[in-house]
Amino acid sequence: MAKLSLFALATWVGLAAAKDVYLNWNLTWVNAGPDGYERPIIGINGQWPCPQIDVTVGDQLIVDVYNGLGNESTAIHWHGMHQQGSGVMDGAVGVTQCPLPPGSQMQYHFDVNEAGTYWYHSHNAGQFPDGLRGVLVVHDPNPPFHYDEEFTLTLSDWYHQEMPDLLSGPVVAQGKEPFPDSALINDSTNTKIKVLPNKTYLVRIVCIGNWPGHFWVIDGHEMTVVEVDGVYTDPYPAGDKFLRVATGQRMSVLIKTKADTSKNFAIWDTMDVNMLFFFENRTMPENYNPNATAWLVYDEAKPLPEPPVFGEIDFNEDFVDDVTLVPADHKPLLEPVDHQIILETGGALVDGVPRFTVNNKTYIAPKVPSLYTANTVGTEFSSNPDVYGQVNPFILKHNEIVEIVINNHHNNLHPWHLHGHQFQVLQRTPVDGGYYSGLSSNVSATPIRRDTIMVQNHGHTVIRFKADNPGVWMLHCHVEWHVEVGLMATIIEAPETFANTVHAPPKSHYDACAAYPQPVSGNAAGNEGLDLTGLNTTATVGGHGALYTNKKGTKDSTAAQPSQQPSQQPSQAAVPKPSTKPSAPEPQTEAPKPSTKPSAPEPQTEAPKPSTKPSAPEPQTEAPKPSTKPSAPEPQTEAPKPSTKPSAPEPQTEAPKPSTKPSAPEPQTEAPKPSTTPSAPEPQTDSPNYYYEESPTAPNSNGEGYWPAPHTDETTISIDNPDKPHDHHLTIHEETIKSPWANQNTNTGYVIDDGKIYQIKDSDPNVILDEFKD
């Protein structure tokens, strides 16, 4: 990096620096009725729908998550984020982390390097359809197309019963998916989006549902596709064809509003009735409504029109084929192929229960998260698939060109999602198009890339990517009913490089494992080498979702109190939401609970139900009572913005190390049991500070039991500014991260000048001081 003058850096008005976006979340139960039927829903800081996150390319997103649910564990996956080097933040339970139990907290932090439309959701035991999902938009200061304003449309199915009840119910026990009760647009059946005439709008469509795909129409407005799954495309006018998204997919389109405000227009969405009924030979219930309607509102005084009516729709001929889209960067086809994987997927009876299988094996979760196994089992075994248990593991070498063929032997569609990558889609058959026998002659020289692809029933798809992101990544169907019965594989990517490429977890992740409790080292069973004694390999059906039963330990259901945080550092506030974001149901500050459901809720032997909730099958295993109830903080959707900048640190040659900084836990096969119970984080009303959680230092020189971790040295100095009066001081805070991995040695910090904070990145510490000696 060029060595710039710090004075020039600190006074350069045009400097554009990436920022930290900090969010402090308490996950709580909220009572809401998006389709008119009230039920408990998982919200954030007492509000639902969950907030949209808006960041800019290059930002660092830092989210502190406290589990205030009382009766369920949780985790959050950042869908579509590549997590380059930060795979421990991917949020997939059993793969990259332990479940976060009630009363515990943990931090996610990662760099946001991919512009586009993404989302976040629980990735734990089929939980996210109970409401824990929202949109994540990464704004691009220089997009390759023009637009005036933007808004978001989320499309989803919705259920009146909670997921634990449905998963343990008779429909899932028979190997079927429960029918959704309604469709929602922006988590409502009454969404109105105010628009202005003669404007170009970027519309971000995100399918955040559980099961069926969706297709939609914005009546009277042509749509031009410009992005899918975070990949810009050459503009593609849809014309008279429909656009559709599968669960997990995103698509952005441009629309041009009308020149006048003489009328309003309907937005019509429908769930895929072929997936719901016809492909499975199931009868649509009488008066069933798979549709939802929202409105583009030009004039609030004018009536809201009825949605358009369509005749018979051919699912092969009447839709835009997303495989034919072309990425705007025209990245060429990856070749030659170094490693081909063929996945034969379908349903089967396993141990007497209906499951899904990949190459005749159903996914069964390990005791130790697979990424923890890869980093602690030793180099002798990390590339041996046997140590990972029955997670359908596939080992890739670094920088291989990998081709994956997915043959779908099932009678329904399946949206397959790969964590950590966007892949090229080479080909996909129509419904009943047959299984892979080779590539056709019309494979694009510049294939579209995305991270989720719908695979047609009794057909196949072929995808390719470069194994340039070392980590452990899930490859799975994004229908939660199918995830819970084993339709998953695990990509172990370049384990031979992990010592130099994959960051270690911060202490709060180890604390979550301790509180659950769950082991954090060894093979899938928590043992050494190939000894898988004690690993469960028996398939079950359904289950109880994320209900926290604490059967794996002797402690109660609350977590260990995290050590007090070190001195806090200045933070940038979160980016404001777009002014044209569509209206949604009013959030409730602390929604009243149904008369039979305790507030926030009190843990009890059965998951709490509202008084109006229809009866459901009783869970087979009861959730025990936690010993204490976590208190919920006052709601907030994002870290409050500071009214003033923090004062400069006291002058000193070297900043003292915080005495309360958490020390690394001792190595062990099973994480330590918690000894204390925390309350929910206190609400922050005016503090701009937060704590960025570093990975713990290895407890001994060999790093036994934990991954090698960097440590941070901090130096704060205050000196006179030669260009200002003598009593004007300039404060420099430098942070030097020293790591056993050369590629993680960095020098960062900030300059405080006249109450303003300027970030410094990648500066040589000697240059920092030399600038002021001169």
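**Note on backbone and strand details**

1. Pro49 sits in the loop between strand E2 (39–44) and strand E3 (53–56). In this predicted model, the peptide bond joining Trp48 to Pro49 is cis, with omega about 5 degrees.

2. A cis peptide bond also leads from Tyr516 to Pro517, where omega is near -5 degrees. Pro517 belongs to the loop between helix H8 (507–515) and strand E31 (711–720). Most peptide bonds are trans, and most residues other than glycine have a negative phi.

3. Asp229 is not a glycine, yet its phi is positive, about 50 degrees. The loop that holds Asp229 lies between strand E14 (224–228) and strand E15 (231–237). Asp229 counts as buried because its relative accessibility is 0%, and the cut-off for buried is under 20%.

4. Asn186 likewise has a positive phi without being a glycine; the value is about 55 degrees. Asn186 is placed in the loop between E10 and strand E11 (192–194). With a relative accessibility of 8%, Asn186 is therefore classed as buried.

5. Strand E10 covers residues 182–185. Ser182 and Leu184 point one way from E10, while Ala183 and Ile185 point the other way. In a regular strand the side chains alternate between the two faces of the sheet. Are these four residues of E10, Ser182, Ala183, Leu184 and Ile185, buried or exposed? All are buried.

6. Which way does E10 run relative to strand E9 (residues 149–158)? The two strands are antiparallel, and four bridges join them. Across from Ala183 in E10 stands Asp157.

Technical notes
Residues numbered from 1 in each chain as written. Predicted model: local features only at pLDDT ≥ 70, side-chain atom pairs only at ≥ 80, totals over all residues. Heavy atoms only, no water. Buried < 20%, exposed > 50% of the residue type's maximum accessible area, 1.4 Å probe, protein only. Pairing = 2+ DSSP bridges.
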